[in-house]
Amino acid sequence: MENIDSQQLYCKQYDLQIDVSGMRLDSSNMDVDYKYEKIPRDGLRYLKSSKYEIPKTIHTYRVSEEDSKKVIDQLPQEVLNLEIPFVQYLEITPRDIDQTQTFPAHIDPHRHCSLNIYLEANGEQTHFFEKQGLELVEMARFTAAKEQVWVLNTSKLHSVTINTKKTRKVVTLSFSRITYQELVQVLDTQPQKIINV
Ligand SMILES: [Fe+2]
């Protein structure tokens, strides 16, 4: 594993409090945007062991315009000057088994980076990799806790490892124009933004 500075090329936590309490995030009443049903090609190619289980479902759901606006309005204006992100709700539901489950390494196809607000997290680990020949070398990892905000470089290979039977719930903001470096550069200059609720 690399040191903390290089870790920040892949993921970074921010002390940004974004109130999502008023959003309607009941997935049984939301339209599915995308179902991650296939194992990512990169993940298949680079997964060292075939003895793994993938989670039961990984779905993103459409968030209403009104709820998207509630989130976007809480972002620093300097971020919005660069790009207004696309807001989705993500749920990862594990299988009802005791075995570790992994969503294998992949690069997100439609975005460069994401800002994730974790609503329910139970020790899942996100790992980042670089290719070295045919091998994947782990460069960074993090374990998000409930209510934390993390920015992820989703243009880098990453996987999620799950050791729980509980559903992981995330409000995920996608940036497809600006890069991870551009986003963290702006967020790094921001004073802590606290929303009192
Ligand atoms: Fe991803």
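Two strands count as paired here if DSSP finds at least two bridges between them. Helices (H or I, at least four residues) and strands (E, at least two) are simply DSSP runs, numbered from the N terminus. The structure is a predicted model, so to speak of local features takes a pLDDT of at least 70, side-chain atom pairs count only at pLDDT 80 or more, and totals for chains, interfaces and linings use all residues. Residues are numbered from 1 along each chain as its sequence is written.

On that basis, the chain's secondary structure comes to 5 helices and 11 strands. Of these strands, 7 make up an open sheet with antiparallel pairing, in the order S1-S9-S6-S11-S4-S3-S2. Strand S1 (11–14) and strand S2 (32–35) sit at the edges with a single partner strand each, so one side of each is left without a neighbour in the sheet. Neighbouring strands of this sheet are turned by 25° against each other on average, direction ignored; axes are lines fitted to C-alpha atoms, for helices over the stretch in contact, and angles run from 0 to 180 degrees between N-to-C directions.

At the S1 end, S1 and S9 run antiparallel and are joined by 4 bridges. S6 also pairs with S9 in the antiparallel sense, again over 4 bridges. At the S2 end, S2 pairs with strand S3 (residues 57–62) in the antiparallel sense over 3 bridges. There, tyrosine 34 stands opposite threonine 60 in S3.

Helix H5 (residues 180–188) lies across S1, strand S6 (113–120), strand S9 (149–152) and strand S11 (168–175). The helix runs at about 145° to S9. Two residues are in contact if their C-beta atoms, placed from the backbone, lie within 7 Å. Among contacts in the chain between residues at least 6 apart in sequence, 89% join residues at least 24 apart.

As for burial, 27% of the 197 residues of the chain count as buried (20 or more other C-beta atoms within 10 Å of the residue's own; 12 or fewer is exposed, anything in between partly exposed, with C-beta atoms placed from the backbone). Tyrosine 52, in the loop between helix H2 (41–46) and S3, has 17 other C-beta atoms within 10 Å and is therefore partly exposed. Tyrosine 52 and phenylalanine 103 are 51 residues apart in sequence, yet 9.2 Å apart in space, C-alpha to C-alpha.
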